[in-house]
Amino acid sequence: MTLAWHRSSHCESNQCVDVAVTADGVLVRGNLGGPVLRFQPEAWRALCAALKSAALTPAAPTTPGLRT
């Protein structure tokens, strides 16, 4: 079976991941090869939701030398 791998149109370097959707779930790989991660559809949706939520949440300011 040939997989149709997709990369974000926002990828401007070789530091991105490729994604392929299969009947069993979603596959993710580094675009330079290496291992392939397999996500069940529910797990993929949860991961995407968490990443979107984190992207919309401002990072806490950091202070050099301050330990939390």
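**Strand pairing**

I started at valine 17 and looked up its bridge partner in strand 3, which turned out to be glycine 30. This is a predicted model, and I'm reading it as such.

I then checked the turn. Strand 2 and strand 3 make a hairpin, with four residues between them. Glycine 25 sits in that turn, and I noted its positive phi of about 155°.

Glycine 30 came up again when I moved along. Which residue is the bridge partner of glycine 30 in strand 4? I found glycine 33 there. Strand 4 takes in residues 33-39 and runs antiparallel to strand 3, with five bridges joining the pair. I also looked at the link from strand 3 to strand 4, and a hairpin makes it through two residues.

**Cysteines**

How many disulfides does the structure hold? I counted one. It links cysteine 11 and cysteine 16, and I got 1.9 Å between their sulfur atoms. I jotted down a reminder that a disulfide is a covalent bond between the sulfur atoms of two cysteines.

I checked handedness too: the torsion about the S-S bond of cysteine 11 and cysteine 16 is about 105°, so this disulfide is right-handed.

Methods
Residues numbered from 1 in each chain as written. Predicted model: local features only at pLDDT ≥ 70, side-chain atom pairs only at ≥ 80, totals over all residues. Heavy atoms only, no water. Disulfide = S-S within 2.5 Å. Pairing = 2+ DSSP bridges.
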